[in-house]
Amino acid sequence: MRIAVIGTGYLGAVHAAGMAELGYEVVGVDVDEAKIESLQNASMPFYEPDFEPLLRKHVGDRLTFTTDFAEVADADVHFICVGTPQQHGSMAADMTYVDAAIDSILPFLKDGALVVGKSTVPVGTAQRLADRLHEVTPRDIDVDLAWNPEFLREGFAVEDTLHPDRLVLGVTSDRAEDILRGVYAKTIEEDNTPVVITNLPTAELVKVAANSFLATKISFINAMSEICEIAGADVTKLADAIGHDNRIGRKFLNAGVGFGGGCLPKDIRAFSARAGELGAAASLAFLAEVDAINLRRREHVVEMVRRELDGLAGRRVAVLGAAFKPNSDDVRDSPALAIAGQLHLSGAQVSVYDPKAMANAAKVFPTLNYADSVEAAVKDAEVVLHLTEWTDFRELDPAVIGESVASKVIIDGRNCLDVDAYRAAGWTYLGLGR
Ligand code: UDX
């Protein structure tokens, strides 16, 4: 089987390598020449653990990358993995790249080809694209469209691609279902992966519903965090206690500076916008509150620093973390970078360090000061902010970093540092919601 993957960002590049690992001939296509050149040299254009070994194993053998759409012509299955970012000036998703991807492969689709959407899209998109495919392809060519949403987490993208916890196949024909079951046969057989067969709109909705639930869970605990702060309670203990109820569960109940990244924030906004278009705005009105709680946490940290330093202008602040989460170099909608940026705009002298996200952060926020180590970032700082929970940061020795700061005050925006160790080393430790 030959597989084409259209769009080689965090999702598509890893999916292409994953498909090669499953034994298929794979071509990855993107319009970004620099990205393709990097992938074709088996070098990852973004940081993702375990990804580069897969590239090195398969590029030059059964995995190729190109900017030439004509190379998809032999493919039996075409996975659409392009981005659907938030539109400028609107909450809705920008569908330009999805539409362009379909238009670009249309002239090359062979008889019997299956187009499979993986991108996160507004419900109704799959049917619209299926209609377009049938309208435009010549009568003697039979092509089909299916929707197979992706649930991969950055930082675990390879693991989630090779061993997904479920497969959702939105199909309109037995043939499409058979092809997709065939593509994932190894996973289904070896891992006993649950397969949920649905129609197209259900498959599209599964993805945004899952991300809305995760975002809601995080904002729920962050709302509790706000109450805990006022009431003198500890949100980490509260999360442990309610998390023991297995109907609730402890995962995704870590209170802190909230969620960011290329998915959760824009997905809840696009979902709300789509509900409005469908006349169901009230059904998702709560997602606006989920978003608001999340964004309030960022302002809250800025206020904590202002209070602690009695003003921000000229004050020296060290920020540990720029990525939206550890094990990633992704800074899209990153709480850490947003807080660093806001402090800077309020006049503070901000020094940022992140193990992997420095280059991306500097592109988004070039005016911040980027230090080349933790030690350089915290030097002479009047307050240290821990905003992305990299293992490197969690393992810092509070006594050692305490030697170079101007004042031993740390705000733990992820509530995961060793409070006792910091206090024992003479630090004022401030968590969120505790
Ligand atoms: C998410 C979904 O988990 C994934 O299934 C989907 O395919 C894409 O979106 P990802 O964006 O990689 O994946 O990150 P995720 O691990 O979900 O974390 C999202 C954000 O929530 C991060 O900023 C993280 O720091 C934050 N978070 C997570 C919390 O603030 N608290 C938690 O308890 C968990």
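Let's start at Asp-74, which sits in the loop between β3 (63-66) and β4 (77-80); helices here (H or I, at least four residues) and strands (E, at least two) are DSSP runs, numbered from the N terminus. Before going further, keep in mind that this is a predicted model, in which local features need pLDDT of at least 70 and side-chain atom pairs count only at pLDDT 80 or more, while totals for chains, interfaces and linings use all residues. Residues are numbered from 1 along each chain as its sequence is written, and side-chain values use heavy atoms, with hydrogens and water left out.

Back to Asp-74. At 48% relative accessibility, Asp-74 counts as partly exposed; the scheme calls a residue buried under 20% relative accessible area, exposed over 50% and partly exposed in between, using a 1.4 Å probe and protein chains only. Leaving aside residues up to four places away in sequence, Asp-74 touches Arg-2 and Lys-110, where contact means heavy atoms within 4.5 Å. Asp-74 and Ile-3 are 71 residues apart along the chain, yet 8.4 Å separates their C-alpha atoms.

Now zoom out. The chain splits into domain 1 (2-198) and domain 2 (200-434), with bounds that come from an automatic or database domain assignment. Taken over C-alpha atoms, the centres of domain 1 and domain 2 are 31 Å apart. Domain 1 puts 33 residues into the contact, and domain 2 puts in 27 residues.

How much area is buried between domain 1 and domain 2? The figure is about 2500 Å², with carbon and sulfur atoms giving 63% of it. Buried area here is the accessible area (1.4 Å probe) that two parts lose on being put together, summed over both. On the domain 1 side, Tyr-47, Val-123 and Glu-154 lose the most area to domain 2, together 29% of what that side buries.

Glu-154 turns up again when you look at charges. Its side chain meets that of Arg-332 in a salt bridge (3.2 Å, N to O); a salt bridge is a side-chain nitrogen of Lys or Arg within 4 Å of a carboxyl oxygen of Asp or Glu. Between domain 1 and domain 2 the count is one salt bridge.

Which elements give two or more residues to the side of domain 1 that touches domain 2? They are α5 (125-136), β6 (144-147) and β7 (167-170). By class, that side of domain 1 has 19 nonpolar, ten polar and four charged residues. Ala, Val, Leu, Ile, Met, Phe, Trp, Tyr, Cys and Pro count as nonpolar, Asp, Glu, Lys and Arg as charged, and the others, Gly among them, as polar.

Salt bridges also turn up elsewhere: a search of the whole structure finds 28. One of them pairs Asp-333 with Arg-298, the closest N and O atoms being 3.1 Å apart. This pair links distant parts of the chain, 35 residues apart, with Asp-333 in the loop between β9 (316-320) and α13 (335-345) and Arg-298 in helix α12 (residues 285-309). Asp-333 is partly exposed, at 28% relative accessible area, whereas Arg-298 is buried, at 9%. Both belong to a network of salt bridges that links Arg-269, Asp-291, Arg-298 and Asp-333.

Glu-303 and Arg-306 are separated by about one helical turn because they are three residues apart in helix α12. Glu-303 is partly exposed at 38% relative accessibility, and Arg-306 is partly exposed at 32%. Asp-380 and Lys-379 form a salt bridge too, with closest N and O atoms 3.4 Å apart. Here Asp-380 is partly exposed at 35%, while Lys-379 is exposed at 52%.

Finally, have a look at the backbone. Ala-42 has a positive phi of about 60° although it is not a glycine. Ala-42 is in the loop between α2 (33-40) and α3 (51-58), and counts as buried at 13% relative accessibility. Phe-252, not a glycine either, has a positive phi of about 60°. Phe-252 lies in the loop between α10 (235-243) and α11 (264-277), and is partly exposed at 38% relative accessibility.
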